[in-house]
Every structure is written in C-alpha cells, then in structure tokens.
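The sequence and the structure are shown first.

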Amino acid sequence: MSNLLDLLTDLALDTKKQSAFMDNPSSFTDGVGLPEAEKTAIMSGENAKITALFAGERVPLAITAFDPGPDPLPDPDPFPPSPSQDPEPDSNSDLN
C-alpha cells in the first residue's frame, strides 16, 4: 500500500511526474511497481475505487460510545472591549 501512497504523493507534488502520468498513465504505473488492483483503480479515475484501497488502513481518530454531556467547566466570557480614549465632542459647541 505504501507504493500507492507514495505515487499519489509524488503526483500531488511533482509537476514533471504529473505530466508523465498524463502522457502515458499505464507505463507510468508499471514503472512504479503497483499491483494490478491498484493500477486498475488508478486507471479508472474513480475516487471511490482509489479510496477503497485505503479503507482498511484508516485509523479512527476518535471513538465515542456515548454523549459526554455538557461541558462541566464552561468557557469564560471574552473580555469586554476597552472604552475608547477619544473624548466625546461637547454637544453645546455646535450652538455657538
């Protein structure tokens, strides 16, 4: 499986390999030594077939068996904005 991951990583990062793959995908995949199932999935161009090859490799990031409920320690409120330093204009100055 690491050959396929390496191939996909190389194709994502290397423009020369991208163009070589676009020019002749079958000879490119032969050159990296992919098994036939992986070659077929890549040649199909279907995301579902390609990601299915990695399905057994995934590690769950989190397993939740129950709802943990509300947070026992609520987040503190943000600090209020500081008052402006500009003095307010005198409303009587407009009358003069």
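The chain holds five helices and zero strands; helices (H or I, at least four residues) and strands (E, at least two) are DSSP runs, numbered from the N terminus. The model is predicted, so that local features need pLDDT of at least 70 and side-chain atom pairs count only at pLDDT 80 or more, while totals for chains, interfaces and linings use all residues. Residues are numbered from 1 along each chain as its sequence is written, and side-chain values use heavy atoms, with hydrogens and water left out.

**Burial and contacts in the chain**

Of the 96 residues in the protein chain, 14% are buried. Buried means under 20% relative accessible area, exposed means over 50%, and partly exposed lies in between (1.4 Å probe, protein chains only). Among the contacts in the chain with a separation of 6 or more, 43% join residues 24 or more positions apart; contact means heavy atoms within 4.5 Å.

**Packing of α2 and α3**

Helix α2 (residues 15-23) packs with helix α3 (residues 25-32) at an angle of about 120°, and their axes are 5 Å apart. The axes are lines fitted to C-alpha atoms, for helices over the stretch in contact, and angles run from 0 to 180 degrees between N-to-C directions. The angle makes α2 oblique to α3. Angles under 35 degrees count as roughly parallel, over 145 as roughly antiparallel, 65 to 115 as roughly perpendicular and the rest as oblique. On the α2 side, the contact is made by K17, A20, F21, M22 and D23, and on the α3 side by P25, F28 and T29. These contact residues comprise five nonpolar, one polar and two charged. Here Ala, Val, Leu, Ile, Met, Phe, Trp, Tyr, Cys and Pro count as nonpolar, Asp, Glu, Lys and Arg as charged, and the others, Gly among them, as polar.

T29 lies in helix α3 and is buried because its relative accessibility is 1%. Apart from neighbours within four places in sequence, T29 is in contact with L7, F21, L34, K39 and I42.

**The nonpolar core**

The largest nonpolar core has 10 residues in all: L4, L7, L11, F21, F28, L34, A41, I42, I50 and F54. Such a core is a set of buried Ala, Val, Leu, Ile, Met, Phe, Trp, Tyr and Cys residues joined through side-chain atoms within 4.5 Å. Helices α1 (2-13) and α4 (36-44) each supply at least two residues of this core, and α1 gives the most, with three residues.

**Salt bridges**

Side chains of opposite charge can pair when their charged atoms come close. A salt bridge is a side-chain nitrogen of Lys or Arg within 4 Å of a carboxyl oxygen of Asp or Glu, and by this rule the count comes to three salt bridges.

| Side chains | N to O distance |
|---|---|
| K17 and D10 | 3.2 Å |
| K39 and D30 | 2.7 Å |
| K49 and E46 | 4.0 Å |

In the pair of K17 and D10, K17 is partly exposed at 31% relative accessibility, and D10 is partly exposed at 32%. K49 is partly exposed at 42% relative accessibility, and E46 is partly exposed at 41%.
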